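I opened the entry to go through one chain and then its contact with a partner. My notes follow in the order in which I looked things up.

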Amino acid sequence: MFSYTIKRFLMMLVTILIIATLTFILMHSIPGSPFNEERTTNEAIQANLEKFYKLDEPLPVQYVNYLKSIVTFDFGPSIKKPNETVNELLARGFPISLELGLTTILVAVLSGIILGTFAALKHNGFIDYFAMTFAVVGISVPNFVLATLLIQKLAVDYNIFPPATWSSPMHMVLPVLALATGPMAIIARLTRSSMLEVLTQDYIKMARAKGLSPFRIVVRHALRNALMPVVTIMGTMLAGILTGTFVIEKIFAIPGMGKYFVEGINNRDYPVIMGTTVFYSSFLVFMLFLVDIVYGFLDPRIKLHKKAGDA
Amino acid sequence: MTIHHEQTNVSPKTVPDEWFRKKEKDLVEAEAVVRPSLSYWKDAWRRLRKNKLAMTGLVFLGLLAIMAIFGPIFSPHAVDDMNLPNQNQSPSSEHWFGTDEMGRDVFTRTWYGARISLFVALAAALIDFFIGIIYGGFSGYKGGRTDTVMMRIIEVLYGLPHLLVVILLMVVMGPSLTTIIVALTVTGWVGMARIVRGQVLQIKNYEFVTASKSFGAKTPRIIRRNLLPNTMGPIIVQMTLTVPSAIFAEAFLSFLGLGIQAPFASWGVMASDALPVILSGHWWRLFFPAFFISFTMFAFNVLGDGLQDALDPKLRG
């Protein structure tokens, strides 16, 4: 287990390095510089600007500086908003995106598992059909369509929830609902199918024969094993949700990472694009790493290391 | 086998030979197959046909393809016909799906959008298919160290956040049809390669492959005749599920302003353009593209599910 963790950790570092390098190469192959605007800048000023942002140095030096900035976690000042650093943008935007993302995944996982479990317990019953219809619809309707529908109906027509921004728990309801429905549908389907499989196994019959209460059988015995596939997809799902927040943030005018990222892209603001991409991807890769490690601990059947005596 | 009591009393010695008659061997009749033999594909199709939901999806996709090809012909308006006095008209006999803020006909644009969205999705799925088969097939067939190295690369790529990479590529290459397809496939082939490799790894050790080898079949023949046909099921399922995610990704990019540029429009661009005006009650602007995005994704999803069941050899009845 320990050596697996180390190996997995090294792989995570390689992935982050690849992302960083890729971002660097891509950013420097974009035609046009951040100083290209309608007004022509004095050449001396231009040179000074490039000097200030260290864009005048040869590319390998820039690359090393860039890697250093990643390790020291200091992405430098933004080019378009010179009095702000990328770190400040991240500190402002990321907590909001993270809050939206984590709330979403919490809602999606809990409701997805509950829905899937009930569907499996009432196999081919009304709840099952309802849950699976809901799941197929949930997978098919893109979150931005759902978001618009929710705003139109619940915010504009019936005025139950505020339509935009991010300031109170009431403001969170619609964006979270829009973002959580898809993942919830996927989790519900997964839980249902693996639950159906687990429920036919002998140890469940054994638990029934022992006279355990149905609640205890389902929660303590069946669900534990049925949830393994759900844990497997958690990593990629989390990545999907956290990048999915970009569009939802735009629709609901939430001042999260997405806003700064898209602004950075439109302004060719190199430090902002590189900083946000590397930070965001590193975070996602780290989550994927955590999920893998947790999975190793959860599933006793996975023996990641064959050495005797290794836990 | 029924035993007749009178006969059981007869001792073997007293059984007269006349009791036995040699039956004419009818070789033709013995070998005759009463029911038509079902190939793997016929059998899968038979099972798919029983799945009503999957067939609904298939029929919908067929109609959609027909409309994407011929739909614009039914309309007197061209895709980029602007008519400013006619802007944001609700659906009428003149404009079946209404018009947008430039007075363009939404009906015509929907079918042009269908062409682009479906083209992007199918192209992405096909390219994934080829790269995935070559990479995954090679890795799985070679095995050993090659496989380990190739799979390490895949694992690292799998960890990349796809949408971020796609966004970066779109920024660098500039939004166009080719860029979207390239961006989607750069990250998309990894899933396919994993599936192909897993299948090949499993199948290459089966007896029929060994038999083939012992008859002197060469590697290309084994890959073509033994390995590929038997991996087709999961591959096709994966392709059907790639399409909705490509359609979704394309729409997602359009929302960030990185979609197809005017005068063309994909469904994603149309839906994204409709967002600012939806609150002024121009519901048809969002409804039609959103409806077709959702229904196409629905159709591909249920078809993929149906195919998964139909193509699974374990479920062959």
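Residues adjacent in sequence count only if both atoms are side-chain atoms. The model is predicted.

**Entry 1: polar pairs across the contact.** With that term I looked up the pairs between chain A and chain B and found 2 residue pairs in polar contact, both at pLDDT 80 or more. I then asked which elements of chain A give two or more residues to the side that touches chain B. They are helix 1 (2-28), helix 5 (126-140), helix 6 (143-157), helix 10 (228-252), helix 11 (257-267) and helix 12 (270-298). Helix 1 of chain A gives the most, with 10 residues. By class, I noted 28 nonpolar, 12 polar and 4 charged residues on the side of chain A that touches chain B.

**Entry 2: salt bridges.** I looked for salt bridges between chain A and chain B and the count came to 1. The side chains that form a salt bridge are those of Arg189(A) and Asp305(B), at 2.8 Å from N to O.

**Entry 3: extent of the contact.** I read off 44 residues from chain A and 32 residues from chain B. Between them, chain A and chain B bury about 3300 Å², and 81% of this lies on carbon and sulfur atoms. Which three residues supply more than any other three of the area that chain A buries against chain B? They are Met11(A), Ser140(A) and Phe144(A), with 16% of that area.

**Entry 4: chain A as a whole.** I counted 12 helices and 0 strands in chain A. From the N terminus on, the order is α-α-α-α-α-α-α-α-α-α-α-α. Chain A has 311 residues, and 48% of them count as buried. I put its accessible surface at about 15800 Å², with 68% belonging to carbon and sulfur atoms. For contacts in chain A with a separation of 6 or more, residues 24 or more positions apart account for 75%.

**Entry 5: one serine.** I picked Ser194(A), which is found in helix 7 (residues 169-199) of chain A. Is Ser194(A) buried or exposed? Ser194(A) counts as buried because its relative accessibility is 10%, and the cut-off for buried is under 20%. Leaving aside neighbours within four places in sequence, I found Ser194(A) in contact with Ala226(A) and Pro229(A).

Notes
Residues numbered from 1 in each chain as written. Chains lettered and ligands numbered in written order. Predicted model: local features only at pLDDT ≥ 70, side-chain atom pairs only at ≥ 80, totals over all residues. Heavy atoms only, no water. Contact = heavy atoms within 4.5 Å. Buried area = accessible area lost by both parts, 1.4 Å probe. Salt bridge = Lys/Arg side-chain N within 4 Å of Asp/Glu carboxyl O. Polar contact = N/O pair within 3.5 Å; in protein donor to acceptor, adjacent residues only side chain to side chain. Helix = DSSP H or I, 4+ residues; strand = E, 2+ residues; numbered from the N terminus. Nonpolar A, V, L, I, M, F, W, Y, C, P; charged D, E, K, R; others polar. Buried < 20%, exposed > 50% of the residue type's maximum accessible area, 1.4 Å probe, protein only. Areas by Shrake-Rupley, 256 points an atom, 1.4 Å probe, with all protein chains shown as cover.
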